[in-house]
Amino acid sequence: MKSLTTLIGTICLMGLPIGQASAFDIQAGKSQVTENCTSCHGSELYTRKDRLVNSRKGLSAQVQRCQLALNLNWFDDEVENTAEYLNQDYYHFNK
């Protein structure tokens, strides 16, 4: 019985790093926006009533399109950090 409990505990702990690895770096996302996005446009793009982005998934896709258009060569985590910063500050979509 003890080995079964140990096995279950080990499996549960193995899931911990996965959850932690998906945590967003909001400060990094804010820096990305400041350095690359608002230098071309202000925050009005994120707050206008007729904005095109209408979901958290769509926000990630739009950030990906923008960084590709600007040839920034961001990694996926940089795209997600930026999208999450924008979501927390402007969009407020559910995940």
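Which helix does Asp 77 lie in? Asp 77 sits in helix α5, where a helix is a DSSP run (H or I) of at least four residues, numbered from the N terminus. The model is a predicted one, so local features need pLDDT of at least 70 and side-chain atom pairs count only at pLDDT 80 or more, while totals for chains, interfaces and linings use all residues. Residues are numbered from 1 along each chain as its sequence is written, and side-chain values use heavy atoms, with hydrogens and water left out.

With a relative accessible area of 47%, Asp 77 is partly exposed; that label covers the range between buried (under 20%) and exposed (over 50%), using a 1.4 Å probe and protein chains only. Asp 77 and Ala 23 are 54 residues apart in sequence, yet their C-alpha atoms are 9.5 Å apart in space.

Now for the rings. Searching the whole structure turns up three aromatic pairs; rings of Phe, Tyr and Trp (its six-membered ring) pair if their centres lie within 6.5 Å, and planes under 30 degrees apart count as stacked, over 60 as edge-to-face and the rest as tilted. Tyr 46 and Tyr 91 are edge-to-face, because their ring centres are 6.2 Å apart and their planes are at 65°. This pair links distant parts of the chain, with Tyr 46 in helix α3 and Tyr 91 in helix α5, 45 residues apart. Tyr 91 and Phe 93 are stacked instead, since their centres are 5.4 Å apart and their planes at 25°.

Tyr 46 is buried at 4% relative accessible area, Tyr 91 is buried at 8%, and Phe 93 counts as buried at 17%. Together with Tyr 90, these residues form one aromatic cluster.

Notes. Helices (H or I, at least four residues) and strands (E, at least two) are DSSP runs, numbered from the N terminus.
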